[in-house]
Amino acid sequence: MDKFKTRKFDTKVQHLKYKVLREVARHAWDDTLYDRILDIPAMISPGKTPTMRCCVYKERAILTERVKLAMGGDRENPNVIEVIDIACDECPAAGYEVTDSCRGCLAHRCEDVCKRGAITFDQNHVAHIDKSKCVECGQCAKVCPFSAIANRKRPCQNACKVKAISINTNNAASIDNSKCISCGACVYQCPWGAIADKSFILDVVSLLKNSDYGKNYKVYAVVAPSISSQFTYAKLGQVITGLKELGFHTVVEAALGADIVALDESKELIEKGFLTSSCCPAFVMYIQKNFPDLVPFISHNPSPMTAISKYIKKNEPDAKIVFIGPCTAKKMEFQLDSVKPYVDSVITFEELQALFDSKGVDITELDEGVLDNASYYGRIFARCGGLSDAVSQAIKEQGIENFLLKAFSCDGIEECRTALLKKSKNVLDVNFIEGMACVGGCIGGAGCLTHGEKNKAEVDKYGREALEKTIKDAVSVLNI
Amino acid sequence: MKVTICIGSSCHLKGSRQVVETLQRLVAENKLEDKVELAGTFCIGNCQQGVCVTVDGEFFSVSPETATEFFNTQILAKA
């Protein structure tokens with residue numbers, strides 16, 4: 001039995017992606033990748049009987065593309081999110097359609113509710129939608145007592161709230177890089193795994209190998225606080241020990257960077273009077289691409305990942321830093337000129353799982369290490385609302401009484417859009433907009449192993465376990 | 001003189017913040033800011049013996065309780 005089947009992923013697509021990453025990383029550790037690279041697809045899809053597609057040859061062709069993505073993907077494409085054309089199943093995308101559940105009833109509520117007169121009936125009284133008139137409002141689907149009207153929309157397009165996905169001439173999904181914010185929503189939602197994030201796992205393997213367990217330079221793992229809701233089959237402390245087994249010198253909480261940010265951002269907010277948060281790179285990119293007038297109000301503070309990495313490199317310039325989190329957009333952020341000097345690579349929790357298994361590190365068998373740098377407030381950045389709570393606390397801790405924080409936490413990019421739209425028209429009475437591109441915050445990130453309802457509670461619990469109860473105490477050790 | 005205090009998780013749980021605060025206070029009280037450079041680091045690799053402190057590379061195991069004595073013998077006496 002494949003022992004990796006016991007690992008927890010939400011979907012089989014994630015599991016498949018993981019298997020490719022694991023094999024690519026395994027060969028990279030062994031220095032056999034270039035000898036064995038062509039064998040990986042057949043190793044994952046062996047025999048003659050297809051299990052996923054029409055034939056094993058198509059399966060292997062797609063797996064070849066997945067290997068390519070695991071090795072960094074298309075270097076010509078600046079986006080970290082890519083479509084695997086041949087994996088796209090060309091899902092129906094016709095919009096609202098009457099299905100054969102239509103019973104040809106008498107009431108014709110669909111006809112009555114349609115303001116465009118797009119509904120007609122055939123001789124059997126069965127409804128039809130005239131696509132030349134339909135505006136896809138969905139009212140007919142809502143009123144049909146038989147739920148006979150379905151919205152045929154591609155899951156990727158449904159997931160992409162910034163409308164960056166269209167259908168190309170080959171009927172495959174296509175990403176408009178000028179609109180895409182690399183949030184990865186489509187990656188997680190595509191039922192065929194036809195959209196994926198590029199992986200920098202090979203860079204991380206080579207960073208770790210060349211460091212030789214810290215002999216040549218030290219590699220630091222900076223982990224996002226959402227890790228507390230991941231790797232649920234083991235203890236967090238075991239994940240920390242596992243990272244050291246992989247060759248990381250030590251593990252530092254990105255949440256300590258969040259403490260730094262909360263303190264600095266509260267000062268900036270008071271100075272400027274209105275701010276939008278800068279922690280979520282997808283939200284920042286969204287403002288840059290869609291609300292140029294609001295760009296001056298994006299906080300100038302670095303993200304927590306960058307803030308803590310800056311501190312580490314200030315003290316140890318030859319240190320290497322790998323951020324490990326739930327986020328595909330961070331893979332864009334670390335390539336920015338302002339971040340590049342501080343963060344050497346970014347991988348997701350999905351990729352960390354593959355990295356563990358590629359080296360045969362079974363974290364359930366390890367002793368528990370410790371992870372405790374940040375305060376409660378830095379840790380709750382991982383869920384929607386946490387950043388606003390932290391900024392409010394930072395204002396309180398600084399004893400500022402003549403400033404009233406009016407924060408608005410946007411849960412997901414759609415709420416971000418609404419808030420930014422209102423703010424740009426001056427009809428939103430708030431002075432701080434916390435933007436989280438993923439619903440739920442970072443715990444809803446595309447690179448999470450699991451997306452459960454309990455994840456928010458897990459993050460809050462992890463927050464309460466922090467030794468330091470205030471932001472100032474957590475940050476004080478950095479001001480040496 | 002460079003004094004590096006570990007602020008990594010393990011040492012943090014053993015009280016590195018208190019050690020940092022004590023050393024900072026004593027350096028200031030004794031006006032040694034020009035002679036003693038305090039720095040933080042994440043993990044020196046001797047987690048069992050934390051709080052880990054190095055003085056110009058030499059390793060010491062310090063706790064919040066022994067921080068003042070450590071300052072007197074290893075920093076004040078030598079600075």
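Because the model is predicted, local features need pLDDT of at least 70 and side-chain atom pairs count only at pLDDT 80 or more, while totals for chains, interfaces and linings use all residues. Residues are numbered from 1 along each chain as its sequence is written, chains are lettered from A and ligands numbered from 1 in the order in which they are written, and side-chain values use heavy atoms, with hydrogens and water left out.

The core comes first. A nonpolar core here is a set of buried Ala, Val, Leu, Ile, Met, Phe, Trp, Tyr and Cys residues joined through side-chain atoms within 4.5 Å; buried means under 20% relative accessible area, exposed over 50%, and partly exposed in between, with a 1.4 Å probe and protein chains only. The largest such core holds 165 residues, and Leu243(A), Leu246(A), Phe248(A), Ile324(A) and Phe42(B) touch the most other members. Its largest share, nine residues, comes from helix 11 (residues 254-272) of chain A. Helices (H or I, at least four residues) and strands (E, at least two) are DSSP runs, numbered from the N terminus. Another core, of 14 residues, lies apart from the largest one, with Ala118(A), Cys140(A), Cys144(A) and Ala148(A) among its members. As for Phe248(A), leaving out residues up to four places away in sequence, it touches Val204(A), Leu208(A), Val219(A), Tyr220(A), Ala221(A), Leu243(A), Val322(A) and Ile324(A), where contact means heavy atoms within 4.5 Å.

Several strands of chain A line up next to one another. Two strands are taken to pair if DSSP finds at least two bridges between them. Strand 9 (residues 219-223) and strand 12 of chain A pair in the parallel sense over five bridges, with Lys320(A) as the bridge partner of Val219(A). Strand 12 (residues 320-325) in turn runs parallel to strand 13 of chain A, joined to it by four bridges, and Phe323(A) has Val346(A) as its bridge partner there. Five of the six residues of strand 12 of chain A are buried, so the rest of the structure largely encloses that strand. In strand 13 (residues 345-348) of chain A, Ser345(A) and Ile347(A) point one way, Val346(A) and Thr348(A) point the other way, and all are buried.

A separate paragraph goes to an open sheet of three strands in chain A, in the order 11-15-14 with parallel pairing. Strand 11 (275-276) and strand 14 (407-411) of chain A sit at the edges with a single partner strand each, so one side of each has no neighbour in the sheet. Strand 14 of chain A and strand 15 (residues 432-436) of chain A run parallel and are joined by five bridges; across that pairing, Phe408(A) stands opposite Ile433(A).

Helix 19 (residues 455-464) of chain A has a clear inside, with Asn455(A), Val459(A), Asp460(A), Tyr462(A) and Gly463(A) buried. These residues cover an arc of only 160° around the axis, which puts them on the same side of helix 19 of chain A; the arc is that of the directions from the helix axis to the C-beta atoms. The face turned away from the buried side carries the exposed residues Ala457(A) and Arg464(A). Cover for the buried residues includes helix 10 (236-246), strand 10 (250-253) and helix 16 (376-379) of chain A.

Chain B has three helices and four strands, following the pattern β-α-α-β-β-β-α along the sequence. The C-alpha trace of chain B spans about 30 × 20 × 15 Å along its principal axes, and 51% of the 79 residues are buried.

Most residues other than glycine have a negative phi, and most peptide bonds are trans. The bond from Gly50(B) to Val51(B) is cis, with omega near 10°, and Val51(B) is in the loop between strand 2 (37-41) and strand 3 (52-55) of chain B. Asp56(B), not a glycine, has a positive phi of about 45°; it lies in the loop between strand 3 and strand 4 (58-61) of chain B and is exposed, at 56% relative accessible area.
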